[in-house]
Amino acid sequence: MPIETLIALIPALPLAGFLFAVLAGARLDRLPSHGHDDHGDGHADDHGGHSGHGGETHASHAETDDSGFRTGPSEEEQRATSPHAGHADDLANSNGADGVIPAESNDGLGQVGHVVEGGPQPVYRSWMVPTALVAVGWLFSMIVFASVVFGGNTYHVRVYEWIGSGSFRIQIAFLVDGLTAMLLLVVSTVGLLVHVYSIGYMNGDRGMWRFFAYLNLFMFSMLLLILGDNFLMLYVGWEAVGLCSYALIGFWYKKPSAAGAAKKAFVVNRVGDFGFGLGIMMIWTLLGTLDFGEVFARIGSLSPVAITVIGLLLFAGAIGKSAQFPLHVWLPDAMEGPTPVSALIHAATMVNAGVYMVARTNPIFSASPTAMWAVAGIGVFTAIFAAAIALTQNDIKKVLAYSTVSQLAYMFFALGIGAWVAAIFHLVSHGFFKGLLFMGSGSVIHGASGEQDMRYLGGLRDRMKWTYRTMVIGSLALAGIPIFAGFFSKDEILGEAFNRGYYLFYAVGVVVAFMTAFYTFRMIYMTFHGRWRGPRDAWRHVHESAPTMVAPLLILAVPTILAGLLLGLPPDGGAIHGWLEEVFRGAEEAGAGILPGSIAAAGNAGFALFGFGGLLLLIGASVGVAGIWVAHGWYVRDPEAPARFVARIPFGLGPGMYAASVNKYYVDDLYGLIWARGGVLVANALWWFDAKVIDGAVNGAGWLAQRIGGLLRRAQTGRVQNYGLGMAAGLVLVIVAYLVIRP
Amino acid sequence: MGLQGYLIVSTLLFGIGAFGFLARRNAILMLICIELMLNAVNLSLIAFNAYLPGSSNAGAIFALLVMAVAAAEATVGLALVIAIIRTRQTPEVDEYSDLKD
């Protein structure tokens, strides 16, 4: 098969998987709660036992549904009701969740089949076809990746003209160059592994077919996003991954916190997407095309102000999708979704879309220093901001979520200073090791009966050996310890920052690297070392996860160890630089982001191991080690140390600073106050206006008509002569008027 | 005596008819007054037809049309008036004020 066909098939396969799962998935799973399990007709399969309750209101229906076949609380149910599980969410309308669920989709939601004692075992087959299709897609992706990266090819596949309306012409066309190939590597690989992982993780969830349908739809959207060769396709993929993110965060939609988190993610993303949409419209208005190649070739013809505005609007979209300050609030809440979703969407792929978009549109950004500064500034600030929150979070997934925000911010920081390749390098290595860490945390949660508060975990390394080992590998990469992937990519960013003259940003980056190493190993030590601090009953159930869950961890550990060595050596000139050279050539030649007076401006940015570059590497590695050492000292050797440290902060600021960090610097509360409460106030004001002014005007019009009619009714005497007189008078009037006017 | 004479008679007839229509309260008399006005108009139409050149008998034809319509109107009107007199037991139009307000 020609490569072009493969490229067109890569997004088509998961789309087919989605359609298959939607149409046939529900019939493939056999759930023991229903008496019949052989005749498969869609809805009856889901609701066969309850078809008699059609007339009841939905809420009570759902309750019947719950109690009808379960003998004990399920794992996810515990997860939902655990006092530590999730925090109430500002934007969430907690009570709204139950009422809006259509009875048709009342499946899933933690109604675990296998707790029925002695009943027929549930059978799950809905994962097979979607996973197989994604596996085939992965194979195609790797062929395309190899052809692009090793063969040096660039593919431009035109499928057909999608929109042809006057001068507005949009092709369905795929562009595969080095940048897309790198994304393809991460998205396809992590996507496939998450599918495999989900087979084990979602086992026992009645909504499994729905889960795999959403996962496949997500894969399709994400591949469309990275393969599209024009802004509209990028935008369609962009919105579609947002939709899938919404659907998957709210997968357990009966849990109010999950429903609220999904809504919050969707709403916050809309804010950024609005700017992104405006940016695309502006490009169309000014240049008359949305094709990447044409836009980038002609962007120089615009005024600097227009380029800056376009750049900032596009970046607004990236801020939303990649969860940068001030739109970062949705990502930590998104951890309400199932953990495979967190690994795939909220760590390895979708949140990278913003980085990809800025890198893809590098000709626009490199033409606007202001936009570059905005990207770098937001990046640096978010990096330290999110890291400072991650320091004190107790939920294992929240630590990783804030870490993701912080690492994405690193990438934006790199993009903003013109270190394009370093940003993509970090994207790739981060995609692998953060996917690994999230899946590892999912394995922990699964093994520890749904507990995800690290204060109630501990000592798991004896019972979850492989999870422990792989997570330590992932953490070493995240902490930036040499030979692991994160070390090379992170230090390349820091080195570029130094070379290009961003000394303050460099210093902040080093501090963030220290904090990253600290909170990562705080998580490891609290989860896997020490003693079990949770309920004793739960400890007896702690077990290593199923092979389908451990295998993806082991597979992902390989690129986590090797990606840096393969792609990043020698520093500042690794293989990835050659692969991406073509994409960023224009921006590199323009010298975008290089500050005057810096080392790079002087032209001697070459790396020397026994010179300046080596010193920077040493600093990068040693802050990582220092972070781990501090974490070890505080959480293993001397658990009293954190409290003493807080007490030692001068002016008694310690407890306040701790509280601020735990409470995410009150950003969520502030937004809740401004947007949720403010929204209520505005709505009340508008309601008053509507009730008093609008309704007043309408009623006033009616009242006026009534009064006028009341006056006119007196003319209606009912006497024929009066009417006749009126007619005669009118006739006389007309004749007189005629005579007066005529001369 | 020329056109003016006919027009004066016609105006007088019309005025009598109009006055009768407005002043009398008997429904049948009001109908008769309407007929009077119509015939006053007919008279002026015929007079114009006779005295004005180039009118090609349009006035006469129009007068015939008016007579036809007047006959129809008198038939329907009289039927209505008799019907209402029968139900109301009075020809006085003052009594027929149910449509007021």
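Of the 743 residues in chain A, 51% are buried. A residue is buried if 20 or more other C-beta atoms lie within 10 Å of its own, exposed if 12 or fewer, and partly exposed in between, with C-beta atoms placed from the backbone. The model is predicted, so local features need pLDDT of at least 70 and side-chain atom pairs count only at pLDDT 80 or more, whereas totals for chains, interfaces and linings use all residues. Residues are numbered from 1 along each chain as its sequence is written, and chains are lettered from A and ligands numbered from 1 in the order in which they are written.

The secondary structure of chain A comprises 30 helices and two strands. Helices (H or I, at least four residues) and strands (E, at least two) are DSSP runs, numbered from the N terminus. Contacts in chain A were also examined by separation in sequence. Two residues are in contact if their C-beta atoms, placed from the backbone, lie within 7 Å. Among contacts between residues at least 6 apart in sequence, 82% join residues at least 24 apart.

Helix H1 of chain A covers residues 3–28. This helix bends by about 50° at Val22(A). The bend at a residue is the angle between axes fitted to the seven residues ending there and the seven starting there. Buried residues of H1(A) include Ile7(A), Ile10(A), Pro11(A), Leu13(A) and Pro14(A). Phe18(A), Phe20(A) and Ala21(A) are also among the buried residues of H1(A).

Two helix pairs of chain A are described next. Two packed helices are described by the angle between their axes and the distance between the axes. Axes are lines fitted to C-alpha atoms, for helices over the stretch in contact, and angles run from 0 to 180 degrees between N-to-C directions. Helix H8 (residues 208–227) and helix H9 (residues 231–249) of chain A pack at about 155°, with axes 7 Å apart. H8(A) is therefore roughly antiparallel to H9(A). Angles under 35 degrees count as roughly parallel, over 145 as roughly antiparallel, 65 to 115 as roughly perpendicular and the rest as oblique. The crossing of H8(A) and H9(A) is left-handed. A crossing is left-handed if the near helix is turned anticlockwise from the far one by less than a right angle, and right-handed if clockwise. Residues of H8(A) in this contact include Tyr214(A), Leu217(A), Phe218(A) and Met222(A). On the H9(A) side, Met233(A), Trp238(A), Val241(A) and Leu248(A) are among the partners. By class, the contact of H8(A) with H9(A) has 15 nonpolar, two polar and no charged residues. Ala, Val, Leu, Ile, Met, Phe, Trp, Tyr, Cys and Pro count as nonpolar, Asp, Glu, Lys and Arg as charged, and the others, Gly among them, as polar.

Helix H14 (residues 339–348) and helix H18 (residues 396–416) of chain A pack at about 10°, with axes 11 Å apart. H14(A) and H18(A) are therefore roughly parallel. Thr339(A), Ser342(A), His346(A) and Ala347(A) of H14(A) meet Lys397(A), Ala401(A) and Thr404(A) of H18(A). This contact of H14(A) with H18(A) has two nonpolar, four polar and one charged residues.

Backbone geometry was examined in the loops. Most residues other than glycine have a negative phi, and most peptide bonds are trans. A cis peptide bond joins Phe325(A) and Pro326(A), with omega about 5°. Pro326(A) lies in the loop between helix H12 (304–321) and helix H13 (330–333) of chain A. Tyr665(A) is not a glycine, yet its phi is positive, about 55°. Tyr666(A) also has a positive phi, near 60°. Tyr665(A) sits in the loop between helix H28 (654–662) and helix H29 (667–712) of chain A. Tyr666(A) is placed in the loop between H28 and H29. Tyr665(A) counts as partly exposed because it has 16 C-beta neighbours inside 10 Å. Tyr666(A), with 12 such neighbours, counts as exposed.

Asn153(A) lies in the loop between helix H6 (128–149) and strand S1 (155–165) of chain A. With 15 other C-beta atoms within 10 Å, Asn153(A) is partly exposed. Leaving aside neighbours within four places in sequence, Asn153(A) is in contact with Ser147(A) and Val148(A).

Ten residues of chain A are in contact with ten residues of chain B. The side of chain A that touches chain B has three nonpolar, five polar and two charged residues. In chain B, Glu35(B) is found in helix H2 (residues 27–51). Glu35(B) is partly exposed, with 16 C-beta neighbours inside 10 Å. Leaving aside neighbours within four places in sequence, Glu35(B) is in contact with Ala70(B) and Ala74(B).
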